[in-house]
Amino acid sequence: MSVTSVVGLQWGDEAKGKIVDLLTEQHDVVVRYQGGNNAGHTVRFAGKTYKLSLLPAGILREGITSVIASGVVINPKALLAEIDSIASQNGAMKGNLWISDRAHVIFPYHMQEEAVLEKRRKGEAIGTTMRGIGTCYRDKAGRTHAIRMGDLYYPENLKRHLAEIVDDKNLIIRALDPEAQPLDATAIFDEYQNYAAKLKPMVTDTNTLLHKALRDKKRILFEGAQGSLLDIDHGTFPYVTSSNSSGCGIHSGSGVPERVIDRMIGVVKAYTTRVGGGPFPTELDNEIGQHIRDVGHEYGTVTGRPRRCGWFDAVATGFGARISGVDCIAVMLLDVLSQLDEVMICDAYEIDGERTTDFPSHVSELAKAKPVLRKMPGWKTDITNVTRPGDLPKAARAYVDAISELLEAPVDIVSVGPDRERTIYMR
Ligand code: GDP
Ligand code: IMO
Ligand code: MG
């Protein structure tokens, strides 16, 4: 298999970081193609934990080429801080890093604008990560107020354009929040010239780089951020992120056509979590939800917010699997459920008294959905040392098989702990 992609099928935090890290060994190039520093991917090995946000997980392995492709939105200050932090933890940054000159740049006004907009939505706030992701993608789509990485190297144009943009942003932000402090275009220009100089050796046309890698038969691994249900077009709009975070985003975000992908791996948690607002039919607002949160350490990697927890939702996740087009599934964090007497899987919704396995397109319908739950016995056994499929307790195996049946895809990997070794290869 030469081209692989790893995509989350739920609302993010499915443990994509662990799977990507495991697979880097079999690949030459690792690519992030959408999202930005709203992502928080955890990788654990040799007793150390790494939190990656913009950097592809390939950065932790010697000899791997890491690429931040054109569909990513980049906060250069955050990227430089992450490069420094990984270099200091990991001895040095292993391998090369390349950054697309087409990637759009996040500026301080993006964060400021987002903070004002979210505050004004009050109870209906999206509950974003406040990293300026949505406001940057909004400017990308709007074109007139957008700046790409490549623009940072045309200082005369940049200075003029930035002055116009900051003028407009100050007007908009002050109109929505009279107490907001106006931003200074010259100060931002100077600050970003400094970042641009530091990043310059890494900025390139990554589309060309990736196509060259394909011609040279390099093995490429695509690292998805967020999850399929947060996809801007197909997710639980408007409680989504601002990019195509399902498999749909790989082509647009990297310039590499989807037909070259040999294996699409859908990553799921053995239960469901969600951070931020929006309907969540299987949410457990009770002691079982709290138990899962405690055992699974379900607090956001990026913002530290407690994650909302619930049963595995095969209607929502099945929809995620279909739009992403997965070949196989990785079931993560199965160990977190080990102490429960019984476990549940939602295999249908009841909406206005009607049973359905279709995932509603409108959040108002999803908000009405009552989960139809399949009750299964718990395994009540510590499974964190299991490495072979045959050693899984029968009830745990039945649970994994049910997920496979409902998602109509084979389960290739089961994960029973954060470390590399805590992995069961099922086939
Ligand atoms: P990502 O955003 O999809 O990469 O996922 P996160 O890193 O945000 O969240 C996944 C969390 O689960 C991290 O803290 C991982 O270290 C942890 N993790 C990964 N796999 C397992 C597992 O099988 N069991 C347990 N208990 N934790 C895991
Ligand atoms: P990884 O890659 C989980 C959620 C936010 C919010 C919504 C929009 O670690 O799985 P945004 O800042 O993107 O505009 O926020 O999306 N969100 C995530 N939830 N994991 C993520 O990334 C997320 N990135 C964004 O909580 O509900
Ligand atoms: Mg995460």
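Me: How are helices and strands assigned and numbered here?
Reply: Helices (H or I, at least four residues) and strands (E, at least two) are DSSP runs, and the numbering starts at the N terminus. The model is predicted, so local features require pLDDT of at least 70 and side-chain atom pairs pLDDT 80 or more, while totals for chains, interfaces and linings use all residues. Residues are numbered from 1 along each chain as its sequence is written, chains are lettered from A and ligands numbered from 1 in the order written, and side-chain values use heavy atoms without hydrogens or water.

Me: Which helix gives the most to the shell around ligand 1?
Reply: A residue is near a molecule if one of its heavy atoms lies within 4 Å of it. Ligand 1 is surrounded by 18 residues, and the closest are K16, G40, T42, D335 and S415. Both α1 (16-24) and β3 (41-45) supply at least two residues of this shell. With three residues, the largest contribution comes from α1.

Me: How far from an oxygen atom of ligand 1 is a polar side-chain atom of S415?
Reply: A polar contact is a pair of N or O atoms within 3.5 Å; within protein, one must be able to donate a hydrogen and the other to accept it, and residues adjacent in sequence count only if both atoms are side-chain atoms. For R307, a polar side-chain atom lies 3.2 Å from an oxygen atom of ligand 1, and for G17 a backbone N or O atom lies at 2.8 Å. For S415, the distance from a polar side-chain atom to a ligand oxygen is 2.5 Å.

Me: What percentage of the area that ligand 1 exposes when taken alone does the protein bury?
Reply: Accessible areas come from the Shrake-Rupley method with a 1.4 Å probe, and for residues only the protein chains shown count as cover. Taken alone, ligand 1 exposes 590 Å², and the share of this buried by the protein is 91%.

Me: Is S246 buried or exposed?
Reply: S246 lies in the loop between β10 (220-223) and α8 (249-254), and its side chain makes a polar contact of 2.8 Å with the side chain of D231. Buried means under 20% relative accessible area, exposed over 50% and partly exposed in between (1.4 Å probe, protein chains only). Because its relative accessible area is 0%, S246 is buried.

Me: What is the omega of the peptide bond that joins F237 and P238?
Reply: Most peptide bonds are trans. P238 is placed in the loop between β10 and α8. The bond from F237 to P238 is cis, with an omega of about 5 degrees.

Me: What is the phi of M130?
Reply: Most residues other than glycine have a negative phi. M130 lies in the loop between α3 and α4 (133-142) and counts as partly exposed at 36% relative accessibility. Although M130 is not a glycine, its phi is positive, at about 65 degrees.
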